[in-house]
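Here's a quick briefing to read alongside the coordinates. Have the viewer open and follow along.

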Amino acid sequence: MKRGTMSGDSSLLKSINKSTLLKLIKLHAPISRAELAKRTKLTRATVSALVEELMSEHWVVETGIGESSGGRKPMMLEIHHKAGHIIGVDLRSTNMLVLVTDMCGAVIRKTWYPYEQGESAEGTLRQLLSILRQERAALPASPLGLLGVGIGIHGFVEYPSSRILFVPHTGWKKLNWKDAIEEQLGIPVIIDNEANLAALGELEFGAAADCSNMLYLSVAGGIGAGLVLQGELFRGNNGYAGEIGHTTMELNGRPCSCGNRGCWETYASERAIANDLHVEYAPGFTERILDRLNKGDAEAIAVVRKAGLHLGVGIGNMMHTLNPQMIVIGNAMGQYAPWINESIHESLDSRFSYLSSFSVRVAYSRLGEDCCALGAVSAVIREKMIG
Ligand SMILES: [Zn+2]
């Protein structure tokens, strides 16, 4: 948010107050100035002055007359959803999903792009820059234009530098795409891990909209988690919190890609399902397994159910550690809900029944394939609006 020429402290305070107002308007729109004053305990005059600034900066618009609680009917406020646009990108292993949204995360264009340059990091960056230029050129005119780009990476991303440290499926290491894209396009860029962004997506627009403590479990070939604690992403010391698939479930268990044995993801992921069904884990795996499940294939049903039992054990461990309100299962495994839900709850009920007061809601991603890209959009909106 723009700072004025006043002293540092009062400028910061004003910026915090404006961010607080924006957050409340976003959460409770349509909302009146009087209600904002009541909720923030700021004076009516201060609220009016700050709202005036937010309107002149195009963040907020008046939306109509509300109900009176006694005196004059109030003018209601909401976020100016057409004021600008955000681009969210999900860089998957076989293609990339690009969403263009308005200021409130409503999708106005959704495009899948196949990779044109194989697995080369330089080629992918070139392609991504060209896509972002095209998408920006196609945006409808708006007062604030393109506010920023959020990019989800299925790998390790350092925080707060946004440096891509390692992407397992391509082998990419130590890439500073944030600076490269910001320099080329002149817009702010946020790069984060897929599970972190998907957690933000479900928190902002999906299954966990009323939660301040929630865990998003991204389960496909492996298991990663996005941890939202007290309404904010918890990243750990360097940004790698949530690599929960590599917690140990069996002391001398199955070998894992990380070099250890008995990791949770070797029992509860799609790779575990592939291993137990003696089939290859390759592109199209989810669709092939869902097809078998839908046709009533007894072997596939039993194997997927077993993965659900192991998921339940790990979820119980996370309940003990973090006591979240909700755990959202997403990525490919979100689509297996009808075949894993019962066995997940069977594990929870049989092992953790004494924790009923801790009870956790197990839900499935509501945003589906858009989850990570919408979370990337949410990360940009949060940074811009809430700071
Ligand atoms: Zn492992």
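Strand β4 (residues 84-91) runs antiparallel to strand β5 (residues 95-101), and six bridges join the two. A hairpin is what β4 and β5 make, with three residues between them. Keep in mind that this is a predicted model: local features need pLDDT of at least 70, side-chain atom pairs count only at pLDDT 80 or more, and totals for chains, interfaces and linings use all residues. Residues are numbered from 1 along each chain as its sequence is written.

**Around β4**

- One of the residues involved is D90, whose bridge partner in β7 is G152.
- For strands and helices, the elements here are DSSP runs numbered from the N terminus (E, at least two residues, for strands; H or I, at least four, for helices), and two strands pair if DSSP finds at least two bridges between them.
- Eight of the eight residues of β4 are buried, where buried means that 20 or more other C-beta atoms lie within 10 Å of a residue's own, exposed means 12 or fewer, partly exposed is in between, and C-beta atoms are placed from the backbone.
- Both faces of β4 are covered: G84, I86, G88 and D90 sit on one side, with H85, I87, V89 and L91 on the other.

- V380 is in contact (C-beta atoms, placed from the backbone, within 7 Å) with I86, L147, G148, V149, G150 and I190, leaving aside its neighbours within four places in sequence.

**Other strands**

- Strand β2 (residues 60-65) pairs with strand β3 in the antiparallel sense over five bridges, and V60 has I79 in β3 as its bridge partner.
- β3 (residues 75-79) is also joined to strand β1 (residues 31-32) by two bridges, again antiparallel, with I31 partnered by L77 in β3.
- Elsewhere, an open sheet of three strands is ordered β8-β9-β10, with antiparallel pairing.
- Its edge strands, each pairing on one side only, are β8 (156-157) and β10 (172-175).
- Two bridges link β8 and β9 (residues 164-167), and F156 stands opposite F166 in β9.

**Helix α3**

- Helix α3 (residues 44-56) has 13 residues and reaches 18 Å from its first C-alpha to its last, close to the 18 Å expected (1.5 Å times one less than the number of residues).
- The buried residues of α3 are V47, L50, V51 and L54.
- These cover an arc of only 105° around the axis, which puts them on the same side of α3; the arc is that of the directions from the helix axis to the C-beta atoms.
- Turned away from that buried side are the exposed residues A45, E52 and S56.
- H58 follows α3 and has a positive phi, near 75°.

**The whole protein**

- There are 12 helices and 16 strands in the protein.
- Of the 387 residues, 39% count as buried.
- The C-alpha trace spans about 70 × 50 × 40 Å along its principal axes.

Key: Contact = placed C-beta atoms within 7 Å.
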